[in-house]
Amino acid sequence: MCGIGGLIGAQDEGGVISRRLLAALRHRGPDDEGMMQPTPTVSLVHTRLSIFDLSAAGHQPMTDGPSRDSGGSWVVFNGEIYNFKELESELAARGQAFRTRCDTEAILRSYREWGEAAIPRWRGMFAIGLVDPARGVGYLVRDRLGIKPLYMRRLPGGALAFASELRALMSLSPESGSNEVEPAALESFFAQGAVHSYQTLIKGVEMLRPGEMLAVDLATGKELRRATYWHLPAGAAGGEVPVRADAVEELREVVMGAVKLHLASDAPLGLFLSGGIDSSALLALASASWSGTLRTLTIGFDSPDFDESDISAATASRFAVEHQNIRLAGADVLRQMPGALAAIDQPTVDGFNTYFVSKAARAAGLTVALSGLGGDELFGGYATFTDVPRALTLAENPVLNMIARLGSGFMRNRAGLKLAETTRRPPDALAMYLLRRELFLPAERRALMPRPESSDPLTGVDSALLEQLRAESRGMGAATKISFFEMNLYMRHMLLRDSDVASMAAPIEYRVPFLDHCMVEAVFSAPASWKMPDPRPKPLLLDIAGAGVAPEAWQRPKRGFTFPWAEWMGKDRPLYPVAEDAVNDTGRWRDLGIDAGAPRRTWKQFLAGDRRVSPLQILAFIVMRDYSARFKLHAA
């Protein structure tokens with residue numbers, strides 16, 4: 001894991017822009033850093049967290065030319081190419097000589113051999129900037145699932161700047177223009193707790209899409225073409241259903257292969273262990289592929305209702321692992337809250353758990369940590385897999401709809417508000433899915449700010465993105481469709497984005513074996529019925545993992561890895577003064593185009609014990625106030 005950045009299509013006199021990018025990305029790579037101008041109109045920067053070939057040979061920007069001052073292509077790369085040894089063997093047989101033992105060189109050598117056709121050969125998580133001066137073309141490439149982020153911004157004059165983090169591009173002001181808020185992204189944040197769009201909170205800054213390649217002209221930075229080199233499969237094909245036992249064995253092979261690849265590292269490696277099925281299954285699979293003693297880490301809380309450390313310890317005891325439990329109290333969170341907020345690269349109400357466990361992992365001497373992220377999305381673990389079909393049935397049945405509308409009036413809580421909202425929405429799977437995760441409902445958002453034109457009035461998400469997802473999911477079965485939504489929205493725009501920046505604040509390389517694209521293709525194409533409770537939750541994953549997953553991990557209600565925010569924000573509790581300061585910063589809310597009194601009114605309801613207010617809504621105010629003040633954001 002590293003930080004990458006660059007400028008294409010303009011001269012960087014004195015390296016001013018490069019140095020700003022480098023400074024903003026330095027926290028992502030404490031082991032090494034580099035700057036290079038392969039051509040007069042191209043500048044590349046890199047900060048390195050060493051994982052493979054820890055020697056100076058892995059320095060970036062890297063070239064495949066005879067020397068740094070001679071001809072060749074150049075690359076800056078963040079992530080891992082897990083099949084680089086296979087590529088190295090194939091390319092060596094074709095006469096190419098390698099100078100390092102790291103995966104970065106495999107990118108350059110494979111590009112030299114196959115050109116753009118090399119991109120689909122890379123298996124891993126990556127954001128890549130590659131320039132070919134001989135052809136006058138540069139490429140920005142992002143991995144298939146969107147594990148590694150890549151942000152882009154057009155500068156005055158047309159040059160293209162890119163970086164691993166949004167904050168790095170914001171550091172380029174005044175060259176890049178003012179930090180004006182994109183209203184549709186602000187709406188999306190309040191609707192879903194994170195910006196669900198490839199347009200960011202900052203006007204003019206976008207993300208390259210997962211599985212996308214952008215080719216640009218090196219002299220001008222002008223876009224030459226965009227291409228998508230991978231799509232999520234459409235789900236199980238029709239026809240004869242395979243024998244489940246045989247298919248499970250085949251899937252186990254694919255999953256074991258993916259996990260084994262993710263265990264490769266020249267740096268210290270461990271595994272994040274919660275009390276749930278995903279990390280328990282990952283531990284079982286990793287233990288079967290690991291010859292030494294694995295290290296596992298868990299966060300425990302001072303609130304018994306949120307603490308899973310006893311279950312994690314029981315899971316760890318089933319394997320030959322070195323287990324560590326880190327306990328967090330509200331006072332600990334308050335003390336580290338400024339650092340956690342400062343790590344946020346786009347506003348979010350998630351990612352704090354990854355921040356704290358990553359810091360603990362780094363303090364324990366780890367550089368690489370595996371996570372079970374992706375298991376819920378692939379194997380049907382979220383409540384959305386049952387709640388969305390129920391909501392659709394309610395919306396389609398007039399009698400049930402009327403009963404629900406009447407019943408919601410007696411429910412003075414958040415569930416009642418959402419039930420009432422369900423009765424007002426059309427029987428649309430995507431709208432019902434987003435409602436299940438909605439943070440501020442439409443009426444609550446209108447109390448904050450006017451609706452931007454491009455935002456869907458019901459869900460608050462970009463209308464064009466929703467239409468695209470509806471079109472791409474047409475014809476999918478119910479469970480496959482929800483899995484598709486989870487992976488394209490909540491996972492891509494919140495979980496993966498937050499996990500990247502939260503882990504790199506430590507810095508730790510955060511690996512997600514369940515999102516290996518070969519595994520995703522195999523599991524996503526399995527019959528949806530195999531992923532539904534039997535009555536075990538996530539039965540397909542449990543069968544793939546085998547007897548290694550303790551019954552304690554699945555014979556209990558799903559809780560998720562969350563913090564007890566409501567307890568910590570109450571009167572005389574550790575986060576109370578932080579929330580109080582945030583909601584009362586009327587000047588900041590006005591700068592953002594938000595009704596200055598709305599946050600305060602919501603806070604008063606929360607303190608009065610109004611169960612219609614979620615603690616995550618208060619957290620959203622804390623995050624947005626801190627983020628917008630830090631970057632001096634303002635409305636148009």
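Modeller: Helices here are DSSP runs of H or I, at least four residues long, numbered from the N terminus. Keep in mind that this is a predicted model.

Take helix 5, residues 183-192. Helix 5 is mostly covered, with nine of its ten residues buried. Buried means under 20% relative accessible area. The buried set is Ala184, Ala185, Leu186, Glu187, Ser188, Phe189, Phe190, Ala191 and Gln192. What do they pack against? Their partners are helix 15 (429-437), helix 16 (442-448), helix 18 (478-504) and helix 25 (615-630). Gly193 follows helix 5, and its phi is positive, near 80°.

Another glycine with a positive phi is Gly157, near 100°. Gly157 belongs to the hairpin of strand 8 and strand 9, where five residues lie between the strands. Strand 8 (residues 151-154) and strand 9 (residues 160-163) run antiparallel, joined by four bridges. Within that pairing, Arg153 has Ala161 as its bridge partner. Strand 8 also pairs with strand 10 (residues 205-207), again antiparallel, through three bridges. There, Met152 is partnered by Glu206.

Last, the cysteines. The whole structure holds zero disulfides. Cys2 is buried, at 5% relative accessibility. Cys518, with a relative accessible area of 25%, is partly exposed.

Methods
Residues numbered from 1 in each chain as written. Predicted model: local features only at pLDDT ≥ 70, side-chain atom pairs only at ≥ 80, totals over all residues. Heavy atoms only, no water. Pairing = 2+ DSSP bridges. Helix = DSSP H or I, 4+ residues; strand = E, 2+ residues; numbered from the N terminus. Disulfide = S-S within 2.5 Å. Buried < 20%, exposed > 50% of the residue type's maximum accessible area, 1.4 Å probe, protein only. Contact = heavy atoms within 4.5 Å.
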